Amino acid sequence: VKCSKCGGTAVINMRQHRLRLCADHFVEWFVSMTQRTIEKYKMFAPADKVLVAVSGGKDSLALWDVLLKLGYQAEGVYIGLGIDEEIGYSDKSLEMCHNFVAQHHPSAVLHVVDVEAEYGQTITTLAHTKQRGRGRPCAVCGLVKRHIMNRVARDGGAMAIATGHNLDDEVAVLMQNTLHWQTGYLARQAPVLEEREGLARKVKPFVRIYEREAAAYALVCGIEYIYDECPFAKGSTINFYKELLNQLELKSPGAKQQFYLQFLQAREGGKVSFVEADRVELQPCVRCGQPTTAGNLCAFCRLWE
Amino acid sequence: MKAGSTVRHVIEKAGFNPESFLAVREGKLINEATLTEDGDIIKLIAVVSGG
């Protein structure tokens, strides 16, 4: 199979784009697709400081790499969750981030926040001991990560937090929200979540990129990443939806892309509309100052009570 | 696996969905239509992760 651009040996066939590319042209396409997405959704400008949430996985490291190649002021933030589960998950993830910097961008800035060192407990311990975490480590983890990312973005003057969510992540969430008719979520799910009352702006520059392409980019560019997924995410509903969607994609190339991008277009064009639940006013937490709907202490600060 | 099979066939034969896997030979990414040769060692990489 030959590269659609130069006739060299193709390393990837992207059936949804009817495009087969060699390693060099794939990298060029991938970087340019990310740039076009940043511009299309007006995510950030070259002068803005962007904080990339890195986990040591393929998507976030690929994103950081692309943003740095494009010349953006992209700093990384790694949150040490203290998840071991006999595979040293968090330690390995941090090592991947350090290796990435050393091998690919030695002058890049990586902020490391270790949850246990700063707050006294790991995610695993919190999940076992707190009412909020009982059987739901992902709920605690999400809360902790959102709080810390927001704090680092605010302290460092970042214009936005960029995450490595790809099209497969977004389309799986869309499917979940549609199957449950979660109209509030369907109203909000978007490539950009605007800043509001102390909550940093969040952007997803990979929303038009398939997960398979993000993995391919990491492999082609020699970016080492953690293959293990979070032990707590195994068997998650989202992964189940991703597999279902890939079965659909196999029979109908482009199905995932169509479902997600046409949803965005239909909503933007007013062909479908969802009513967002009334927004509760946010107030600063009396301890940390981050916005909360709870009044007095925010959910994050209550975790450590 | 018989030499001369496509990578796509190898992935399917292993019981996986080619949309969810990439194939690597000698450290290099290979496309799904690549024909396998005698003695090839092909590593399949799952691309789906989440959480």
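1. A quick definition before the helices: the expected span of a helix is 1.5 Å times one less than its number of residues. Keep in mind that this is a predicted model. Helix α10 of chain A, residues 237-251, has 15 residues and runs 22 Å from its first C-alpha to its last, close to the 21 Å expected. Helix α6(A) passes the check too: its 20 residues should span 28 Å, and its end C-alpha atoms are 28 Å apart. Just after α6(A) comes G157(A), with a positive phi of about 70 degrees.

2. Now the inside. The largest nonpolar core holds 101 residues, and among those with the most contacts inside it are F26(A), F30(A), W64(A), V144(A) and Y217(A). Helix α6 of chain A (residues 137-156) gives the most to this core, with 8 residues. Who does V144(A) touch, leaving aside its neighbours within four places in sequence? The list is V115(A), I123(A), L126(A), F300(A), L303(A) and W304(A). There is also a second, separate core of 5 residues, which includes V7(B), I11(B), A23(B) and I30(B).

3. In space, L244(A) lies 9.0 Å from A172(A), C-alpha to C-alpha, though the two are 72 residues apart in sequence.

4. How much area is buried between chain A and chain B? About 2000 Å², with carbon and sulfur atoms giving 55% of that. Chain A brings 26 residues to the contact and chain B brings 20 residues. Across the interface there are 9 residue pairs in polar contact and 2 salt bridges. R15(A) forms a salt bridge with E19(B), with the closest N and O atoms 2.9 Å apart. On the side of chain A that touches chain B, the elements giving two or more residues are β1 (12-14), α2 (58-69), α9 and α10. The largest share of that side, 7 residues, comes from α10(A).

5. On to charges: the count over all chains is 19 salt bridges. K69(A) pairs with D65(A), the closest N and O atoms being 3.0 Å apart. Both lie in helix α2 of chain A, 4 residues apart, or about one turn of the helix. Why the spacing matters: an α-helix has 3.6 residues a turn, so residues three or four places apart point the same way. K69(A) is partly exposed, at 43% relative accessibility, whereas D65(A) is buried at 3%.

6. K92(A) and D228(A) bring their closest N and O atoms to 2.7 Å; K92(A) is in helix α3 (residues 89-104) and D228(A) is in the loop between α9 and α10, 136 residues apart. Relative accessible area is 30% for K92(A) and 31% for D228(A), so K92(A) is partly exposed and D228(A) is partly exposed. E170(A) forms a salt bridge with K204(A) at 3.3 Å between the closest N and O atoms. Here E170(A) belongs to helix α7 and K204(A) to the loop between β8 (201-203) and α9, 34 residues apart. Both E170(A) and K204(A) are buried.

7. One last item: K58(A), D59(A), D169(A), E211(A) and K242(A) are linked in a network of salt bridges.

Notes: Residues are numbered from 1 along each chain as its sequence is written. Chains are lettered from A and ligands numbered from 1 in the order in which they are written. This is a predicted model: local features need pLDDT of at least 70, side-chain atom pairs count only at pLDDT 80 or more; totals for chains, interfaces and linings use all residues. Side-chain values use heavy atoms; hydrogens and water are left out. A nonpolar core is a set of buried Ala, Val, Leu, Ile, Met, Phe, Trp, Tyr and Cys residues joined through side-chain atoms within 4.5 Å. Buried means under 20% relative accessible area, exposed over 50%, partly exposed in between (1.4 Å probe, protein chains only). Contact means heavy atoms within 4.5 Å. Buried area is the accessible area (1.4 Å probe) that two parts lose on being put together, summed over both. A salt bridge is a side-chain nitrogen of Lys or Arg within 4 Å of a carboxyl oxygen of Asp or Glu. A polar contact is a pair of N or O atoms within 3.5 Å; within protein, one must be able to donate a hydrogen and the other to accept it, and residues adjacent in sequence count only if both atoms are side-chain atoms.
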